[in-house]
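Biologist: Please bring up the model, and let us go through some of its local geometry.

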Amino acid sequence: MPSFLSVARGPVLLVVDQAEDLYTLTDEHDRAQWWSLLTRALTVLPEVRLLVAIRPEFRRRLTEQQAGFITRPVAIGLLDPACIRQAIAGPARAAGLTFEDDLIDRMTADATIGDALPLLSHLLQRLHLQSVRRHITVAQYEQAGEVGGAIAAHAEQIYESLTARYPQQAIDSALLRGIGMEGKEIVRRTIRRADLDITAAHILEEFRAARLIIDVDDGTCLELTHDALFRQWHRLAALINANEERLHRITRLEHRAAAWQANPQADDLLRGQTLADALVLAAEVTLSTAARHLLDASQETDHQERVRLSERVAEFAQQVRRQDHELAVALAHTALHELPHTLAVTMTRWALTATPHTRRLTIGHTTGITSAVWLPDNRGLRTADKLGRVCTWDDAGRLTEVAFAADPEACGHTLLSATGTLALTEHDRAVMLWRVADGRNLARRRGNLLTSFDSFSWGGDACFAGTFDYRAVDVYRLEDDVPGLVTSIPATNVHATAWPPQGDRLAIASNDLLLVIGIGKQTSEILRQQVAWSDPVMCWAPDGIRLAVSAAPAFTLRRRDILEPKLRTLWIYDTDTGQAAESAPPGLAKKMAWSPVEDVIAYAARRTRHQHRVALIDVPTGRTVERRARPHQISTVAWSPNGKRIGLGTSFHNVEIWDVVGRSFRRLPTGHLGEVSWSPDLKRAAVKRTSTTPEIIETDEATLPLRLGEDDCMAIAYSPLGDLVATAIQEQVTVWDARSGVLQTQWGARPRPNSKHKVISTPLPWVYGLAWSGDGSRLVVHTHCFFGRTLPALSVWDVAKAQRLAVLDGGEESAERLTWSPDSSLIAAVVSQHNVSFWRGDDYTPVHQWQTEGEGELTALAWSNDSTRLAAAGSSQIEIWNVSEPDVRMRCVGHTSAVRQLGWSPDGSLLASISDDDTLYIWHTQDGRPLGVLETPGGIVLSLLWQDSLTVTFDDGRILSWDVCGDRAEPSVDDRGPRALTAEERNRYGLPSASTG
């Protein structure tokens, strides 16, 4: 420019045409750089003048960016017909061109339709080149296609040039974006530049440069130049005809989007099939931003509505689970597969179909003992109970093994074989044969209503006999663990059978017959004797010849005989000769066993003066030589092979070993659990039972329980670090090493023996509750007097030093339910029926007290893992508190009976609760909604923990654990699901029909 100005004379005019391209074809950075260079040039060269030509719709953007830059704006409006006529005729006259009459008027009329003026010069140039004698005729104009034809020809030329660089489909799609359908009319549709991808933007820019597309709306949009493009351009017309239906749908959607954008209303959003069709359309074509926003909002609203429907269906499934479990599963399954995967429906489906993994703590019996045998080679005692549990005890009286039949139906009275390797179990009028070593079910036979399990007996490990109906005794022999029927002996109303140690005879007793049968290759009758007695039981002498029968007098219908207990008589039969000796030992009851080495019978004696007894009778003389009182009724008597010890089982759950020579009793650890405290990894459990030494039991290893001392305890608690276990007995607290069972520290008065005759007048502030701090260094100890002679108290102890650190102020009303937060910052304890008090975990000062709103007393407390929330169960209601706020954060209602245990999920988003109504609820802690309900077996729940799995421990030693699914759980690929819902069920529960689901 400086070199040009050096030869110029006077001012120089710099013309910038089509300045709107600065806003349509360049970005902000390039545009600013261009204006900066131009401004600097005008400042340095004052003789330069600037003329900018720009479309009217871009003038505002120009003046906003370059304020004060344009000094004398001149608006040039649209040319009217007279001006258009002059624009045609004036230059033609100057060039020496002439027109046929009325042709200029016709051209002027055509040029005023749409925005065809930019193409008029192109048409005139073509006519000039084709003119003869510089005269343009109407025929030439019509042959050129008039203005519309010129546009069509020009458009086809541009289209052909684009096909060499872009796919034809991309070109067609870009052109159709400028077409709309209003009824049957084709109209031009505005194209937003912001809605174009790179390819479409480049294609349309080519048409714009050719003046077939123009800028509108301040350059933010594009539009076809002339209606002639879709009227006379055959390619575009054919394209519109092929896509007419789609263009109708696009136009309707765009109109709806524009209206919604102007006034957003939820009622104007797309729903149902309309939304589905629109989404299909969006997948086929590129829609405008407004249409996409409408679809996005419609999809989000539709998703939220479907989420709410999914959660409602989950609630319905939970409500009907007990009345119609199949329907509940079908509802949850349908919601899971047809609606969004909400946490509620995922958890509900899981809870309805989940099967827990079942384990058992190696504890002794929890119900009455039905059978006991001594193992060969002095390997201990094996006992069985009414639930089909078989326990093995070593020679020192320690529990070494617990066995159950693999068949879950094998649950009932159990009878062990002579060496304890096999067992017969009664269940629902059926008898099951199974192997104790692995629980394998070997055979099962069903009886009838008159099947009597009391009539079953073992002949060693190879034979057994019993009545499956009232007419015969069936004898079975085992070959390779497969029972085969040996013989069926006719006998009615049999009460008992018995085999001698040699296994070659079978005694059968009914109310009117005693029968002895020889069992060998051939069966033979050895003794048949008519008798008159009732309820007989039998046992054989070691010689296999003599038979002891204990029976009551024959049954009569006289009232005196019915109401008063009958004295039983003992007969000793010589089965070879049929002779019998009769005696009446005092208190003779049903259970008895003959010593294997002496003529002594041990028998259970009838209860007298609130005591049960066990006695020994000398067979030759019929004289009782030993009688000992026992706390429970004896149900099983078994001699050891050397005749020095007797295994006793009771109708309660106790197992004792009577050392006949040493005249002492040893009670084995049996009974329901009173309390269970788990190690952090859930691999070891510290358990306490009444009148039994506390133990640590390994759950995943076949190791003997680790005894903690020699006394029982009243409370037990595992350290959060898993290295220590604390126990309490009366006023004494003892801390043990959890691995070795070695005593670590101890404080408090030594336990005092209970005296039956001495009246204790001094207070008895015994320990009933223990709670560890989160760091495992301190214990909160709850003490109170059972007789109410002293107030309860809460004290804090340093475990390592056995030193009391504080007595908590306000603990005088505390109960046994107390807990220390995982971060050790707060101590919480129930202090009255509805109140929970909090103390600081560092200086032990009171913080605040909260009152629950439930009707029943507080039954459980549980901290979240982050120590920010505390859940409290009061009767059937659960409240969740944020410890930093004074109000209840959330309330969970759904149980119908008292909640016993609570457990938080590891991330604190869920809470589990188990109740006396035999249900386990899983709650969403943010809104208190139940997400899933698990049906649980009956029993007293001692522990509910949630780590990798949800684990429940019952007082009979059962451990049920569930692998809880999360909110991202997907249905299995091969999940075939339950039955389909009917149309009526879908309508009832608000689900869409199957065809539209």
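Modeller: One term before we start: two strands pair if DSSP finds at least two bridges between them. Helices (H or I, at least four residues) and strands (E, at least two) are DSSP runs, numbered from the N terminus. This is a predicted model, where local features need pLDDT of at least 70, side-chain atom pairs count only at pLDDT 80 or more, and totals for chains, interfaces and linings use all residues. Residues are numbered from 1 along each chain as its sequence is written, and side-chain values use heavy atoms, with hydrogens and water left out.

Biologist: Which residue in E46 stands opposite Val733?

Modeller: Strand E45 covers residues 732–737 and pairs with E46 in the antiparallel sense over four bridges. The residue of E46 opposite Val733 is Trp747.

Biologist: Which are the edge strands of the sheet?

Modeller: The open sheet has four strands in the order E43-E44-E45-E46, with antiparallel pairing. Two of them pair on one side only. These edge strands are E43 (715–718) and E46 (743–747).

Biologist: How far apart are the end C-alpha atoms of helix H11?

Modeller: The expected span is 1.5 Å times one less than the number of residues. H11 has 12 residues (198–209), so it should span 16 Å. The computed distance agrees: 16 Å.

Biologist: Which residue just after H11 takes a positive phi?

Modeller: The phi in question is about 65 degrees. The residue, just after H11, is Arg211.
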